[in-house]
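The following paragraphs lead the reader through a protein structure, one region after another. Please keep the sequence and the model in view while reading.

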Amino acid sequence: MPKAPLPIRNGLGPDRLRMPAESSARTVLEHLIGEHQGERDLWTDLVDAGDVVDEHGRKITSRTPYQPTRFVYFYREPAPEIPVPHEIEILYRDDSILVIDKPHFLATIPRGAHIVESAVVRLRRDLDLPDLAPVHRLDRMTAGVIVFTVTPDLRRPYQELFAEQRIVKEYEAIAGFDQELTFPRTVLSRINKVHGEMTATEIDGEPNSETSIDLIEVITDSAAGLSGDTGCSHGPAGPISFACTSTRWASRSSVTITTPSICLRCPATSPRHCDCWRGHSSTRIRSPGRPADS
């Protein structure tokens with residue numbers, strides 16, 4: 001994808017639209033109004049303000065002829081969002097990378113209904129780092145360490161550390177406690193990830209996922225803190241969903257890790273209303289040297 005002709009603004013890059021090869025519109029503005037029924041005033045105001053440009057950064061006016069197959073760029077005002085109350089803790093920062101501890105319920109990147117309330121948008125805006133980009137991601141419900149690159153030229157080298165399996169991720173979670181299980185233990189299963197679906201599922205078949213799990217502490221008679229080392233891209237936010245590839249196989253073990261919908265440590269009805277979020281599901285990068293995936 002070519003570089004956008006508009007800069008990052010308030011932590012967000014511009015949106016873009018491709019104009020189809022065939023259209024009866026005579027001008028770009030006429031096409032935009034026709035394609036977005038009920039938004040005539042919005043597009044007219046954007047064009048009048050000079051906030052719609054072509055792929056070369058030239059401003060679109062009300063008289064700009066329709067341009068088949070070309071792109072237009074513009075800033076869209078995000079819809080109101082519920083703020084995530086916790087601040088982002090900065091663990092390390094230099095001219096190359098930024099390392100943070102992401103709180104629960106904060107998306108890593110803009111997605112769906114979570115645009116402004118995402119780690120990358122917050123950090124770009126608050127730290128004035130428009131080129132900041134995550135090297136890897138964590139699910140919105142998962143808290144833990146994320147590494148960002150400060151400049152675009154460093155993004156690929158750091159991402160390749162994950163692609164080459166030179167980074168280790170260690171997850172912590174609350175799970176049901178079974179006294180008959182022994183720890184540490186290794187869970188091997190086959191994880192199926194369907195393109196376009198958020199959730200991975202465990203299916204029968206040759207294992208493609210290996211996770212080492214150890215017991216940290218028993219919290220109650222029915223809950224235990226577990227630590228899992230894995231090279232997988234999905235944290236424990238439901239039944240164990242570690243979608244990675246492994247060439248080491250063994251017998252399968254049954255351990256289900258779940259993220260509770262209520263806080264187990266205080267009477268709050270929702271974890272977003274207490275200070276115990278970090279007791280539910282977290283992940284941290286421990287050290288390089290053992291296989292891991294992004």
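Predicted model: local features only at pLDDT ≥ 70, side-chain atom pairs only at ≥ 80, totals over all residues.

Two strands are said to pair if DSSP finds at least two bridges between them; helices (H or I, at least four residues) and strands (E, at least two) are themselves DSSP runs, numbered from the N terminus. Strands of a sheet pair through backbone hydrogen bonds, either parallel or antiparallel. Between β1 and β3, which run antiparallel, there are 4 bridges. Arginine 18 has phenylalanine 71 of β3 opposite it.

Residues are numbered from 1 along each chain as its sequence is written, and side-chain values use heavy atoms, with hydrogens and water left out.

The protein chain as a whole contains 4 helices and 13 strands. Of its 294 residues, 42% count as buried, where buried means under 20% relative accessible area, exposed over 50%, and partly exposed in between (1.4 Å probe, protein chains only). Among the contacts in the protein chain with a separation of 6 or more, 62% are accounted for by residues 24 or more positions apart; contact here means heavy atoms within 4.5 Å.

Which residues of helix α1 are buried? In this helix, which covers residues 28-35, they are Val28, Leu29, His31, Leu32 and Ile33. The buried residues of α1 pack against β1 (15-18), α2 (40-48), β2 (52-54) and β3 (71-74). An α-helix has 3.6 residues a turn, so residues three or four places apart point the same way. Glutamate 30 is also found in α1, but this residue is partly exposed, with a relative accessible area of 34%. Apart from its neighbours within four places in sequence, glutamate 30 is in contact with Ser24 and Ala25. Its C-alpha atom is separated by 9.5 Å from that of threonine 44, 14 residues apart along the chain.

Two packed helices are described by the angle between their axes and the distance between the axes. For α1 and α2, the angle is about 150 degrees and the axes are 9 Å apart. Axes are lines fitted to C-alpha atoms, for helices over the stretch in contact, and angles run from 0 to 180 degrees between N-to-C directions. Helices α1 and α2 are therefore roughly antiparallel to each other, given that angles under 35 degrees count as roughly parallel, over 145 as roughly antiparallel, 65 to 115 as roughly perpendicular and the rest as oblique. Leu29, Leu32 and Ile33 of α1 make the contact with Arg40, Trp43, Thr44 and Val47 of α2.

Charged side chains form another set of links. A search of the whole structure finds 8 salt bridges, each being a side-chain nitrogen of Lys or Arg within 4 Å of a carboxyl oxygen of Asp or Glu. One of them joins aspartate 15 to arginine 76, with the closest N and O atoms 3.4 Å apart. Aspartate 15 lies in strand β1 and arginine 76 in the loop between β3 and β4 (89-93), so this pair ties together parts that are 61 residues apart in sequence. Aspartate 15 is partly exposed, at a relative accessible area of 32%, and arginine 76 is partly exposed at 40%. Another salt bridge brings together the side chains of arginine 58 and aspartate 54 (2.7 Å, N to O); aspartate 54 is buried, with a relative accessible area of 4%.

Strands β4 and β5 form a hairpin with 3 residues between them, and they pair in the antiparallel sense over 4 bridges. Glutamate 89 stands opposite aspartate 101 in β5. Strand β5 is also joined by 6 bridges to strand β7 (residues 143-149), and the two run antiparallel. Leucine 98 has phenylalanine 148 as its bridge partner in β7.
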